[in-house]
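Student: Could we go through this model together? I would like to begin with the backbone and then turn to the ligand.

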Amino acid sequence: MSSGVHSDSVQKHKDFLFPAVAMYYQEPIALERGEGMYVWDENGNKYLDCFGGVLTTSVGHVHPRVTEAIIDQVQKLNHASTLYANGPQSRLAAKLAEIAPGNLEKSFFTNSGTEADETATMAAKLYTGRQEIITLRHSYSGRSAAALTAAGQSSWKILPSQVPGYHHGLAPYCYRCPLKLTYPECGVACAKDLKELIETATTGQIAAFMAEPIAGAGGFIVPPKEYFKEAVAIVRQYGGVFICDEVQTGWGRTGDKWFGIEHWDVEPDIITSAKGMANGSPIGWTIARKEIADAVPTLSFSTFGGNPVTTRAAMATIEVIEQENLAHNAKVVGDYLREKLMGLQERYEVIGDVRGMGLMQGMEFVKDRKTKEPAPATVSKVFEETRKRGVLIGKGGLYGNVIRIGPPLVATKDNMDELVTALDDALATV
Ligand SMILES: Cc1ncc(COP(=O)(O)O)c(C=O)c1O
């Protein structure tokens with residue numbers, strides 16, 4: 001299957017967009033339409049979409065209920081700005097206060113995950129009266145100056161740190177333990193190290209700890225189940241609040257729960273999200289405990305924040321997830337996929353680790369299982385080969401050696417069989 005190279009859209013993309021707007025594949029794909037689990041490119045080629053535009057089309061491409069909500073709202077009111085109340089924004093905020101864990105009550109809507117994280121750190125600083133933020137190595141939070149500073153991956157840091165006060169804790173990355181220990185004998189020492197980090201690298205007066213339940217761009221790194229309880233207890237002991245970045249892990253993605261952090265029995269003080277929240281309409285969301293939200297002065301404006309069209313899309317997406325029981329589907333189909341990937345790992349030495357939760361599953365590729373030397377070139381080849389077989393997947397990780405699978409939550413076991421067959425055939429060719 002060949003595409004992109006003769007596409008006028010790809011050519012104009014190359015000619016008129018910043019080269020930094022990088023595209024996947026040697027012959028980039030220009031997508032033209034989508035339906036459910038499938039997308040078509042401009043040359044009519046059909047692909048099974050197992051990455052969902054980076055875990056974003058959560059209920060499948062062009063879901064009729066979401067589309068109807070958008071069309072209905074566009075015909076009524078397209079824009080309001082945050083200076084006026086609008087029904088879709090208010091109703092969505094009330095719904096989110098109902099489904100968010102713990103005492104999270106007040107929302108601020110923006111346009112992206114980057115802004116959601118910015119809003120959260122700003123609120124944490126104002127609430128605590130402190131300036132320092134702890135994030136994790138291998139994390140990702142977006143592309144603003146603060147978000148790039150917060151990121152824990154050199155590949156995303158196109159500029160050196162621009163914002164003071166960020167410190168990076170050890171990632172709970174068991175496959176490549178930064179302390180060279182083994183779980184569970186390690187006693188989750190990576191979490192305990194936060195105490196040392198706070199006492200040695202900060203003023204001891206931290207505003208917040210911001211972390212993803214599963215490091216997404218970092219390569220779907222799943223922490224040990226005790227990690228967040230330990231880490232958040234230390235952070236709170238030093239007066240910081242816990243910002244949980246659910247940009248990738250929210251909306252049922254990890255299976256059976258709305259949010260990834262709910263698997264570990266820890267209540268965040270702030271949650272941020274974006275991506276899958278509105279099935280592809282641009283939205284950023286920050287929800288906080290009332291006292292934290294109240295600490296942000298009244299003048300903070302967002303032109304497109306809480307836009308009635310995108311908030312209708314978000315509400316429709318959330319209703320579809322509820323009514324079609326998609327968080328449970330993510331658990332059932334995710335477990336099924338996981339077993340199949342483990343089967344591939346048994347047959348292909350190059351697959352060093354299989355990890356993930358629900359419909360967020362990754363495979364880390366290595367040249368040698370003992371040395372764990374990353375194998376990004378093999379990932380690139382598998383990537384090209386699966387595309388030839390009509391299947392789209394993602395990649396990531398600090399070394400670019402992790403295949404990331406994050407299909408829409410409507411994925412079926414048959415879809416996963418199709419994916420695994422393509423992966424198997426692709427692996428056989430490399
Ligand atoms: C965990 C996490 N936080 C924040 C962001 C930034 O979101 P956006 O690209 O919508 O600004 C991303 C984007 O991939 C992300 O994965």
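Student: In which loop does P184 lie?
Tutor: P184 belongs to the loop between β6 (166–169) and α7; helices (H or I, at least four residues) and strands (E, at least two) are DSSP runs, numbered from the N terminus. This is a predicted model, in which local features need pLDDT of at least 70 and side-chain atom pairs count only at pLDDT 80 or more, while totals for chains, interfaces and linings use all residues. Residues are numbered from 1 along each chain as its sequence is written, and side-chain values use heavy atoms, with hydrogens and water left out.

Student: What kind of peptide bond joins Y183 and P184?
Tutor: The bond is cis, with omega about 5°.

Student: And what is the phi of V188?
Tutor: V188 has a positive phi of about 50°, although this residue is not a glycine. V188 also lies in the loop between β6 and α7.

Student: How do the axes of α7 and α8 cross?
Tutor: The axes of α7 (residues 189–201) and α8 (residues 227–237) come within 8 Å and cross at roughly 15°; axes are lines fitted to C-alpha atoms, for helices over the stretch in contact, and angles run from 0 to 180 degrees between N-to-C directions. The two helices α7 and α8 are therefore roughly parallel, a term for angles under 35 degrees. Their crossing is right-handed, meaning that the near helix is turned clockwise from the far one by less than a right angle.

Student: Now the ligand. Which residues are around the ligand?
Tutor: Among them are S112, G113, T114, Y140, E212, D245 and K275, where near means that a heavy atom lies within 4 Å.

Student: Which helix gives the most to that shell?
Tutor: Helix α5 (residues 113–128) does, with three residues.

Student: Where are the polar atoms of T114 and D245 relative to the ligand?
Tutor: A polar side-chain atom of T114 is 2.5 Å from a ligand oxygen, and one of D245 is 2.7 Å from a ligand nitrogen; a polar contact is a pair of N or O atoms within 3.5 Å. For Y140, a backbone N or O atom lies 3.4 Å from a nitrogen atom of the ligand.

Student: How much of the ligand does the protein cover?
Tutor: The protein covers 84% of the 390 Å² of accessible area that the ligand has on its own, by the Shrake-Rupley method with a 1.4 Å probe.

Technical notes. A polar contact is a pair of N or O atoms within 3.5 Å; within protein, one must be able to donate a hydrogen and the other to accept it, and residues adjacent in sequence count only if both atoms are side-chain atoms. Angles under 35 degrees count as roughly parallel, over 145 as roughly antiparallel, 65 to 115 as roughly perpendicular and the rest as oblique.
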